[in-house]
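Dear colleague,

I am passing on the structure we spoke about, and you will find the sequence and the coordinates just below. After them I have set out what came up when I went through the structure, and I would be glad if you read the notes with the structure open beside you.

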Amino acid sequence: MDGGNQSTVSEFVLLGLGHSWSMQVLLFMIFLILYLIIVSGNIVIVTLIITDPHLHSPMYFFLANLSFVDMWLSTVTTPKMISDFLRENKIISFAGCMCQIFFAHFIAANEMVLLVVMAYDRYVAICKPLHYSSIMSLQRCTGLVVSSWTIGFVHAMSHLFVIAQLPFCGLREIDSLFCDMPLVIKLACMDSKNLDMLMNVECGVVGITCFILLLISYMYILLSVLQSSRTGASKALSTCSAHVTVVVIFFVPCIFIYVCPLNITWLDKFLAVFYSVYTPLLNPAIYTMRNKEMKIAMKRLGRYYMSSQGKT
């Protein structure tokens with residue numbers, strides 16, 4: 001590395017999607033609507049679970065936390081992305097870029113661990129139903145959620161500590177819609193191949209470990225379901241199929257972005273948008289449309305709202 005050519009980088013340029021003004025306006029409208037649906041949908045789920053006594057169980061406690069996390073996963077990058085669609089110069093400060101990287105990895109690792117916790121909850125409920133209430137106590141549920149936040153924080157801090165100290169030179173263009181770790185590492189004034197590999201391994205430790213634990217949990221659940229009654233098996237499979245769908249939607253983009261990157265620009269952009277926008281959008285839809293208790297709770301809330309409006 002040539003220290004003479006090194007300079008302090010105070011900002012980065014995001015290249016975004018396309019250069020046509022009409023396309024930018026269309027994307028602005030689409031992503032604004034999607035973001036409003038994400039926020040409102042996840043707020044509705046959290047509100048339902050908090051206010052409806054019928055949903056005060058460990059499974060819905062974890063679901064409320066997942067909805068809260070999903071809302072912030074999208075909020076880390078989407079508002080900036082939406083505002084940039086109407087800007088000719090898509091600039092992000094160095095501090096803003098580091099914040100996006102930190103919170104994106106913080107929330108993502110948190111969600112990975114939370115999905116494992118939810119799988120464990122279903123495993124206990126289906127495989128050890130007689131001991132469910134004693135195993136999944138409020139204290140244990142709270143401890144599991146706190147653990148997911150702690151693991152996410154440690155994971156994100158390890159990335160931030162390394163990336164914030166990298167030397168940056170003239171290159172400051174990021175060919176994406178927001179700051180992402182692999183793309184920022186490539187701008188460093190050094191041979192970043194080994195560092196890039198190290199970061200992929202670190203992401204792999206969290207991502208692949210969680211994915212394997214999820215596979216083991218659902219394999220045990222499937223074996224238990226096959227040996228149980230037909231009615232119980234149908235309900236268990238319905239619940240678990242929603243969980244598995246969410247796991248696949250969340251983990252596949254993460255694996256191809258951070259663990260086994262394909263380095264295909266258009267595909268990387270698509271996966272980044274899918275991971276940060278469509279995953280938080282699809283989770284509420286999957287859990288509400290495929291969950292009988294959530295549908296009933298929404299109807300109860302609707303009836304309560306209509307009756308309160310009638311009284312006024």
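**Asp 84 and its partners**

Asp 84 is buried, with a relative accessible area of 3%, and I begin with this residue although, as with everything that follows, it comes from a predicted model. Asp 84 forms a salt bridge with Lys 80, in which the closest N and O atoms are 3.2 Å apart, and Lys 80 is buried as well. Both residues belong to helix H3, which covers residues 78-84, and they are four residues apart, about one turn of the helix. In general, an α-helix has 3.6 residues a turn, so residues three or four places apart point the same way.

Asp 84 also has Arg 87 as a salt-bridge partner, with 3.5 Å between the closest N and O atoms. Taken together, Lys 80, Asp 84 and Arg 87 are linked in a network of salt bridges.

**A salt bridge across the sequence**

The structure holds five salt bridges, and one of them joins Arg 300 to Asp 52, with the closest N and O atoms 2.8 Å apart.

Pro 53 and Ala 297 are 244 residues apart in sequence, and their C-alpha atoms are 9.6 Å apart in space.

**The chain as a whole**

The protein chain has 11 helices and three strands, and from the N terminus on its elements run β-α-α-α-β-α-α-α-β-α-α-α-α-α. Of its 312 residues, 47% count as buried. Among the contacts in the chain with a separation of 6 or more, 78% are between residues 24 or more positions apart.

Helix H1 has 31 residues and reaches 45 Å from its first C-alpha to its last, close to the 45 Å expected at 1.5 Å a residue. The buried residues of H1 include Leu 27, Phe 31, Leu 34, Tyr 35 and Ile 38, and among them are also the polar side chains of Gln 24 and Asn 42.

Helix H2 has 18 residues, which should span 26 Å at 1.5 Å a residue, and this agrees with its end C-alpha atoms being 26 Å apart. Is H2 largely enclosed or largely open? Of its 18 residues, 14 are buried, so H2 is largely enclosed by the rest of the structure. Met 59 lies in H2 and is buried, with a relative accessible area of 12%. The C-alpha atom of Met 59 is separated by 6.9 Å from that of Met 118, although the two residues are 59 residues apart along the chain.

Helix H4 (residues 94-127) has 34 residues and reaches 49 Å from its first C-alpha to its last, which is close to the 50 Å expected at 1.5 Å a residue. H4 is mostly covered, since 25 of its 34 residues are buried.

**How H6 and H8 meet**

Helix H6 (residues 138-163) and helix H8 (residues 193-226) have axes that come within 11 Å and cross at roughly 175°. Because angles over 145 degrees count as roughly antiparallel, H6 and H8 are described as roughly antiparallel to each other. On the H6 side the contact is made by His 155, Ser 158, His 159 and Val 162, which meet Leu 195, Met 199, Glu 202, Cys 203 and Val 206 in H8. The residues of this contact divide into five nonpolar, three polar and one charged.

With best regards

Definitions and conventions:
Residues numbered from 1 in each chain as written. Predicted model: local features only at pLDDT ≥ 70, side-chain atom pairs only at ≥ 80, totals over all residues. Heavy atoms only, no water. Salt bridge = Lys/Arg side-chain N within 4 Å of Asp/Glu carboxyl O. Helix = DSSP H or I, 4+ residues; strand = E, 2+ residues; numbered from the N terminus. Buried < 20%, exposed > 50% of the residue type's maximum accessible area, 1.4 Å probe, protein only. Expected span 1.5 Å × (residues − 1). Axes fitted to C-alpha atoms, helices over the stretch in contact; angles between N-to-C directions. Parallel < 35°, antiparallel > 145°, perpendicular 65-115°, else oblique. Contact = heavy atoms within 4.5 Å.
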